[in-house]
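Please open the model in a viewer and keep the sequence panel beside it.

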Amino acid sequence: MQDCIFCRIGRGEVPSLMLHRDERCFVIRDIHPLAPTHLLIIPHLHLTGLNGLGAHGEQLFGHLMAVAGEMAGRERVAATGYRLVVNQGPDSGQAVTHAHIHLMGGKRLPELG
Ligand code: 5GP
Ligand code: ZN
């Protein structure tokens, strides 16, 4: 999408350090980190989120999860632990309507409930 920030980063129009890039996704550090490691795993494909994902989206998210696991190892949080988050829709506070997975770790994270 023309004006989507994550599409623009993926196309290289907004310079960003890419920690990983392959034909299906890329990984950057969150600009406002909530933990010492706070990465965003982002598909090149502009899906708005999880709703109506379909078979292709299911495969794609499987790949994103695998990349998240690899990145956790590279960031040295695999053993200490980390959290993966997908914000979906207004009640979640989703700010960027281009699907992505947050990977947070490197400290004891606040409990969810
Ligand atoms: P969500 O949509 O899941 O609420 O979160 C979007 C995340 O993207 C936020 O944590 C925000 O800090 C991050 N973000 C928004 N714009 C940029 C950007 O231009 N560069 C980077 N690296 N992160 C961004
Ligand atoms: Zn997009």
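Which residue just after H2 takes a positive phi? Select Arg-76: its phi is about 60 degrees.

Two conventions apply throughout. This is a predicted model, in which local features need pLDDT of at least 70 and side-chain atom pairs count only at pLDDT 80 or more, while totals for chains, interfaces and linings use all residues. Residues are numbered from 1 along each chain as its sequence is written, chains are lettered from A and ligands numbered from 1 in the order in which they are written, and side-chain values use heavy atoms, with hydrogens and water left out.

**First stop: the helix**

Select residues 54-74, which form helix H2. Helices (H or I, at least four residues) and strands (E, at least two) are DSSP runs, numbered from the N terminus. H2 has 21 residues and reaches 30 Å from its first C-alpha to its last, close to the 30 Å expected at 1.5 Å a residue; the expected span is 1.5 Å times one less than the number of residues.

Next, colour the buried residues of H2, among them Gly-57, Leu-60, Phe-61 and Leu-64. Buried means under 20% relative accessible area, exposed over 50%, and partly exposed in between (1.4 Å probe, protein chains only). The buried residues of H2 pack against strands E1 (20-21), E2 (25-29), E3 (37-43), E4 (82-85) and E5 (101-105), a contact being heavy atoms within 4.5 Å.

**Second stop: the sheet**

Now display the five strands, which make an open sheet in the order E1-E2-E3-E5-E4 with antiparallel pairing. E1 and E4 are the edge strands, each pairing on one side only. H2 packs on this sheet, and its direction makes about 155 degrees with that of E3; axes are lines fitted to C-alpha atoms, for helices over the stretch in contact, and angles run from 0 to 180 degrees between N-to-C directions.

Two strands pair if DSSP finds at least two bridges between them. E4 and E5 pair over four bridges; select Tyr-82 to find Gly-105 of E5 opposite.

Move to E3. Seven of its seven residues are buried, so E3 is largely enclosed by the rest of the structure. Thr-37, Leu-39, Ile-41 and Pro-43 point one way from the strand, and His-38, Leu-40 and Ile-42 the other way. Five bridges link E2 and E3, with Val-27 partnered by Ile-41. Five bridges also join E3 to E5, where Leu-39 stands opposite Leu-103.

Cys-4 counts as buried at 9% relative accessibility, and Cys-7 counts as buried at 8%. His-46, at 22%, counts as partly exposed. Find His-46 in the loop between E3 and H2 and show its surroundings: among the residues that His-46 touches are Met-1, Thr-97 and His-98, not counting residues up to four places away in sequence. Finally, select Ala-99 together with His-46: they are 53 residues apart in sequence and 7.1 Å apart in space, C-alpha to C-alpha.
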